[in-house]
Amino acid sequence: MLDIEIDPSYTMRKKVNDKNLCLSQEQIEILKSFNIQYQNMSLRNLILELDDLYNQTGDACIDNLLDVLSEQDYYQNYKK
């Protein structure tokens, strides 16, 4: 059996600005590695920025982050 230890402080989302943007430390590190200035963005603006970056680079990491944040946006901001 494979024993995997998960650090909740690394993967749990926390509010990072007054625009209700919530990101995990893992997501923040990805954004920093691509020099994305997320600190003053709304979730929707961040998604647009990541979409542009993905269209330019085709990077799988950005694509994955874009999927996760798009799902977060859907559940937070759209009536079901």
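The structure holds zero disulfides. Cysteine 22 is in no disulfide, and the nearest cysteine sulfur, that of cysteine 61, is 20 Å away. This is a predicted model. A search of the whole structure finds one salt bridge, and the largest pocket holds about 200 Å³ of space.

**Cysteines**

- A disulfide needs the two sulfur atoms within 2.5 Å.
- Cysteine 61 is partly exposed, with a relative accessible area of 36%.
- Cys61 is also one of the residues that line the largest pocket.

**Largest pocket**

- The lining of the largest pocket is made up of Thr11, Arg13, Ser24, Glu26, Gln27, Ile30, Cys61, Asn64, Leu65 and Val68.
- Two elements, helix 2 (25-33) and helix 4, each give two or more residues to this lining.
- Which element gives the most to the lining of the largest pocket? Helix 4 does, with four residues.

**Salt bridge**

- Side chains of opposite charge can pair when their charged atoms come close.
- Here arginine 44 forms a salt bridge with aspartate 73, and their closest N and O atoms are 3.4 Å apart.
- The pair links distant parts of the chain, with arginine 44 in helix 3 (residues 43-57) and aspartate 73 in helix 4, 29 residues apart.
- Is aspartate 73 buried or exposed? Aspartate 73 counts as buried because its relative accessibility is 7%, and buried means under 20%.
- Arginine 44, the partner in the bridge, is partly exposed, with a relative accessible area of 40%.

**Tyrosine patch**

- Tyr74, Tyr75 and Tyr78 make a nonpolar surface patch of about 350 Å².
- Tyrosine 74 is found in helix 4, which covers residues 60-77.
- The relative accessible area of tyrosine 74 is 38%, so this residue is partly exposed.
- A residue can belong to a patch when its relative accessible area is over 30%, and tyrosine 74 has 38%.

**Loop between helix 2 and helix 3**

- Glutamine 37 lies in the loop between helix 2 and helix 3.
- Glutamine 37 is exposed, as its relative accessible area is 56%.
- How many residues apart in sequence are glutamine 37 and glutamate 49? They are twelve residues apart in sequence, and their C-alpha atoms are 9.8 Å apart in space.
- Asparagine 35 has its place in the loop between helix 2 and helix 3.
- Asparagine 35 counts as exposed because its relative accessibility is 62%, and exposed means over 50%.

**Positive phi angles**

- Most residues other than glycine have a negative phi.
- Asparagine 35 is not a glycine, yet has a positive phi of about 55 degrees.
- Asparagine 20 is not a glycine either, and has a positive phi of about 60 degrees.
- Where is asparagine 20 found? Asparagine 20 is in the loop between strand 1 (14-15) and strand 2 (22-23).

Notes
Residues are numbered from 1 along each chain as its sequence is written. This is a predicted model: local features need pLDDT of at least 70, side-chain atom pairs count only at pLDDT 80 or more; totals for chains, interfaces and linings use all residues. Side-chain values use heavy atoms; hydrogens and water are left out. Patches are made of residues with over 30% relative accessible area and no salt bridge: like charges are joined within 9 Å, nonpolar side chains (Val, Leu, Ile, Met, Phe, Trp, Tyr) within 5 Å. Accessible areas come from the Shrake-Rupley method with a 1.4 Å probe; for residues, only the protein chains shown count as cover. A salt bridge is a side-chain nitrogen of Lys or Arg within 4 Å of a carboxyl oxygen of Asp or Glu. Buried means under 20% relative accessible area, exposed over 50%, partly exposed in between (1.4 Å probe, protein chains only). On a 1 Å grid over the protein atoms alone, a cavity is a set of points where a 1.4 Å probe fits but cannot get out, and a pocket is an open set with protein on both sides within 12 Å along at least five of seven lines; lining residues have an atom within 4 Å of a point. Grid points are joined across faces, edges and corners, and a volume is the space filled by probe spheres set on the points.
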